Amino acid sequence: MDGQMPEQVLLWDGAVLDRFMPMHLLVGQDGVVERAGPTLSRVFPGRALMGAEFGDLFELRASGGAATLADIMARGGRRLRLYPRDRAPGAARTGMRGLAVALPESGQVLVNLSFGIDVVAAVRAYRLTVADFAPTDLAMELLYLAEANRAVTGELRGLNLRLDGARVAAEEEAITDPLTGLKNRRAADAYLARLCATGVPFGVLHMDLDYFKAVNDSFGHAAGDLVLGEVARVLRRQTRAEDCAARIGGDEFVLILAGQTEVAHLLAVAERIIAGVSEPILFEGQLARVSASVGIGRSIDHAYPEPAQLLADADAALYRAKRAGRGRAVLASDKGAR
């Protein structure tokens, strides 16, 4: 046998085993661990593996349930499912797969272990690195794929959230007047239609600014924009979250007050708005003045209220207010002015 090294010497060379089988166990006939791969020391931190009973280290499972290593070998079983009995603090119950090979000459059993599909959990639990796996082990490649999948999933989730946010922003923009921040004509029409469809009683205030053209002509459109912004603030102070305040034209506004149909209340709201709008507005050292005329319609004035009819009622009352001298409110069902 000149020039040849005995096979057993090659097989049991410690450095070779540790390199190619870093999760191996060599178990004697008495069930005591005689050698353990370096990665297993990460699974049992602070515990001496050599000299420990195999059954004290692992809970062994076979097709018939709990078993010992001797049972497996006696039945000719080779593949094992194991669970470490002692785990690192905070570590989850991580399963292992194993392959047991009997060594006839010595009576020992060589067990090679892997984490199988639990590798991702094991790497986190035991803080493993690529150096803890055999060079030919696909565990790290699987881990990289899992991390890549997690990263892609996270990015997709973030993208979906951004898209949802953009969609909500676009929808809000589509129903918002960009100059005043109030709702626009589209939003007011939709709100009216919803109230009519659900049968909720409501009042409609159609408001038009008086002398607004004079402000634009005298001070310019920047002054007109300032006035519109101030009017929007007045309207917001008179509305609740469930109401709708909208700019539906150049200097035309609509307020839809859900659940409000009492004449006294609607007139009081209109008069507070007229008073607020009539306050002079300072623009570049000069005072811009406007007033407001308001027409009021009520859903309860119709057996079957329709959006177009309610708007027509409020619009007709508005023009009666203007003909009566402006700066006042008129109820659609009342031929007089207030």
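1. Basis. Residues are numbered from 1 along each chain as its sequence is written, and side-chain values use heavy atoms, with hydrogens and water left out. In this predicted model, local features need pLDDT of at least 70 and side-chain atom pairs count only at pLDDT 80 or more, whereas totals for chains, interfaces and linings use all residues.

2. Overall fold. The chain has 12 helices and 14 strands, taken as DSSP runs (helices H or I, at least four residues; strands E, at least two) numbered from the N terminus. Of its 338 residues, 42% count as buried, that is, under 20% relative accessible area with a 1.4 Å probe, protein chains only.

3. Helix pair. The axes of α9 (residues 212-219) and α10 (residues 221-237) come within 6 Å and cross at roughly 140°; axes are lines fitted to C-alpha atoms over the stretch in contact, with angles from 0 to 180 degrees between N-to-C directions. Phe-212, Val-215, Asn-216 and Phe-219 of α9 are in contact with α10, contact meaning heavy atoms within 4.5 Å.

4. Cores. In the largest nonpolar core, of 33 residues, Leu-205, Met-207 and Leu-209 touch the most other members. Such a core is a set of buried Ala, Val, Leu, Ile, Met, Phe, Trp, Tyr and Cys residues joined through side-chain atoms within 4.5 Å. Another core, of 29 residues, lies apart from it and includes Val-43 and Ala-100.

How values were computed. Buried < 20%, exposed > 50% of the residue type's maximum accessible area, 1.4 Å probe, protein only.
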